[in-house]
Amino acid sequence: MTLQGWLQIVVFFAIIVAITPLLGSYMARVYTGKRVALARAMGPIERGIYRSIRVDPQREQDWKSYAASLLLFSLAGWLLLYLILRTQSLHPFNPEGFHSMPWNVTFNTVTSFLTNTNWQYYGGETTLTYFSQMAGLTVQNFASAAVGICVAVALIRGIVGRSGKGLGNFWQDVVRTVLYVLLPISVVGALVLVSQGVIQTLGHYLSFTGPTGLRGQIAVGPVASQEVIKNLGTNGGGFFNTNAAHPFENPTGFTNLLEMVLIFSIPAALTATYGRMVGSRRQGWALFAAMTVMFVAGVTVLYAAEAHGTPAQHAAGLHTQVIANSTGGNMEGKEQRFGIADSALFDTVATDTSTGAVNSSFDSLTGLGGAVPMADLSTGEVIFGGVGSGLYMMLLYVLLAVFIGGLMVGRTPELLGKKIEAREIKLASVGILITPLTALVSTAIAIADHAGRVSIFNSGPQGFSETFYAYLSQSNNNGSAFAGYTGFIQPAAGNVGSHGITFADLLGSFDLAFARYAPILFVLAAAGSLAGKRVSPVGLGTMRTDNPTFIVLLIGVIVLVGALTFFPALLLGPIVQSLTGHLF
Amino acid sequence: MQIRQNALTAVLAMIVMTVLLGIAYPLAITGISQVAFPGNANGQQVKVNGRLVGSKIIGEQFADVVTGKNGKAKLDKNGNPVTTPDPRYFQTRPSATTPPDNAAATTFSNLGPNNLTTEQEIAANIKAYLALEKPYDPGLTAAQVPVDAADSSASGVDPDVSVANARIQAHRIAAVRHVTLRTVDRLIASYTTGRSLGIFGEPGVNVLELNLALNRITGSR
């Protein structure tokens, strides 16, 4: 590790701390119906959309109605995306003449983009038309992100609700999220990315003849417009197979910084939005602090492990210390322009949030380094987490922590003056346990069955890690991968003669959908239940939820739930590898 | 009734979003980018005498096709021509794509940290590096090989190498092209990109630009 490396990490996080209150309070204005500066430009478009989709944005919805709208919106998106991806030979903007992927890989891909996951068995540049990338995937990058934010906002409204059971109007929340938050930042961000070297073209792939006479081809496409929302919406699906490691997606240290800032900005800002909307900014900062502690722990371990290097490197006689003009460390699967620190930082940022983007190869991380993304996922994606989903899962943990804390000191558990009773605790507990349950059972099935093992690339414990990570990532709606694990065999670019591995594709699809929508329903149900409760005044007996004691309690609950459920699985993969120099 | 109304709204909403976010937004960004930043938007293409030789930010192979006894190009088991590094040029990092540095189908190596195949791959890369460089830099040992020269890049098309890697290759370039080592080292320095804003990322030497500069100075033959 170097001082220079740590400086990058510290400056990055300082930017996040600065953005959080600004973007957070802006979003609070958007969701409480206050006037914002963009209303002059966006207002007419907003009203036009309400008219054309035939909704009355003022109509309050209870949790069931809100959930029904959300599910129907997702179902419509699923069907449209499946239709788009399966008709590639008819597309405009298809200069390379690609055909469609087989049904099973398409099924997985569609479910993956609907659930804000962006798990990718395919490589974009050999598989998808520009039209699929733009009108298919980019749209869901916006829509799935908006859905996550809506659920978080609905939960906050439930917590602060003083009268009745209304959680707001789903359609209004979706439209406002897109028009006032996601789209403006994306337009500016995309143009900044292009100005730094990210490409944006609809032209043919480039054919060139190099100085020695060797011929080659370079895939291009409308990358910047997708790159920005893939990060901002914590989606993570790369335009290219190698994602943000590809120089056309992420050409410089500066774009790398910008993309990391985009990833963290909304999840971090939502803690401040929460603080604003519940009327106490300290509440928001408390959540931010708990997230920060876990983020710092992750990035420290990952950076240290990668700087140390791997047993395979050492056995091959490679020296991995920092020497003059070379980064040292484990550079397998890392880009020279990012080196060790920026790769470790990006990978931590992407797995803390539910962003599947990577700027280096996870399958080639050191044993201990690879344990960090797994641990990040094991928390249920609450270290800032996905847009919206990070906050609402964190608030489920808060309910649990309040309950446990209340039991420990013998007080009635309360959150911001609302009594937490059996119903809320049941909803929170089940909501939290769905993801670990799906991930672990799926891994067990995939390891036990031959149909699952054909997807594995590396032998030994790394093969287990690949499998575990595949189902952990899909269940957590993260989307990053130990990419040796495959569900798609493609002999040539353009999908001729390709076929999917149905077992891996469909088991993954189930995890994606179940572990996304079931927790959402439990969260909305909890929100509905909280919305109807009376607020009791703060007294001497109230357990505070905004002081260091509570932050420690909250982290403890998260680590205990994560560690207890996942520790045996972590032992079998990364921990075995980091304890031995043995090669498999 | 309410469900039916909701379903209609859902379908309409998806269509509106597809038009706005899937067509209008990316096309608008494409239009603005093509006007405001045409060089970047089209991939920083590098041309020599009007002929496209690559992209500034995409790594490519500087190698020659090996010809078999019959005078035709030798093919590997995938049907791609077998190549050997061209000693007149700086070499990019090891790449896991097929063929190497294939920017039409990028991929990670996905080689695990504790795997025998990883060790074999890295050992082979070290051996190849020494075979190419040691004749011109006799003191060079495996222990001095920079990590970026033995480990595969992430994208498979990494345009940069470390400065340490370039300085080792400079011995070969100077000998083969009959220029002084100082000249080559000066060129390396002028094609080294520092950290962004002085803080972010790592310095790297752009291999394509460096090689083209060499050609301008000493000719490509």
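The model is predicted. Chain B holds 7 helices and 7 strands. With a radius of gyration of 23 Å, well over the 17 Å that the globule rule gives for 221 residues, chain B is more spread out than a compact globule.

**Overall build of chain B**
- Along the sequence, the elements of chain B run α-α-β-β-β-β-α-α-β-α-α-β-β-α.
- The C-alpha trace of chain B spans about 85 × 45 × 45 Å along its principal axes.
- Chain B splits into domain 1 (2-41) and domain 2 (45-60 + 88-96 + 108-218).
- The C-alpha centres of these two domains of chain B are 41 Å apart.
- Of the 221 residues of chain B, 47% count as buried.
- Among contacts in chain B with a separation of 6 or more, 51% link residues 24 or more positions apart.

**Helix 6 of chain B**
- Helix 6 (residues 181-190) of chain B buries B:Val184, B:Leu187 and B:Ile188.
- These residues sit on the same side of helix 6 of chain B because they cover an arc of only 105 degrees around the axis.
- Residues three or four places apart in an α-helix point the same way, because there are 3.6 residues a turn.
- Cover for the buried residues of helix 6 of chain B includes helix 5 (163-177), strand 6 (192-193), strand 7 (204-206) and helix 7 (207-218) of chain B.
- The face turned away from the buried side of helix 6 of chain B carries exposed B:Arg182, B:Arg186, B:Ala189 and B:Ser190.

**Contact between chains A and B**
- Chain A gives 113 residues to the contact, and chain B gives 98 residues.
- Helix 3 (residues 63-85) of chain A supplies the largest share of the chain A side, 8 residues.
- By class, the chain A side has 56 nonpolar, 49 polar and 8 charged residues.

Technical notes:
Residues are numbered from 1 along each chain as its sequence is written. Chains are lettered from A and ligands numbered from 1 in the order in which they are written. This is a predicted model: local features need pLDDT of at least 70, side-chain atom pairs count only at pLDDT 80 or more; totals for chains, interfaces and linings use all residues. Two residues are in contact if their C-beta atoms, placed from the backbone, lie within 7 Å. Helices (H or I, at least four residues) and strands (E, at least two) are DSSP runs, numbered from the N terminus. Ala, Val, Leu, Ile, Met, Phe, Trp, Tyr, Cys and Pro count as nonpolar, Asp, Glu, Lys and Arg as charged, and the others, Gly among them, as polar. A residue is buried if 20 or more other C-beta atoms lie within 10 Å of its own, exposed if 12 or fewer, and partly exposed in between; C-beta atoms are placed from the backbone. The arc is that of the directions from the helix axis to the C-beta atoms. Domain bounds come from an automatic or database domain assignment. The radius of gyration is taken over C-alpha atoms; the globule rule is 2.2 Å times the number of residues to the power 0.38.
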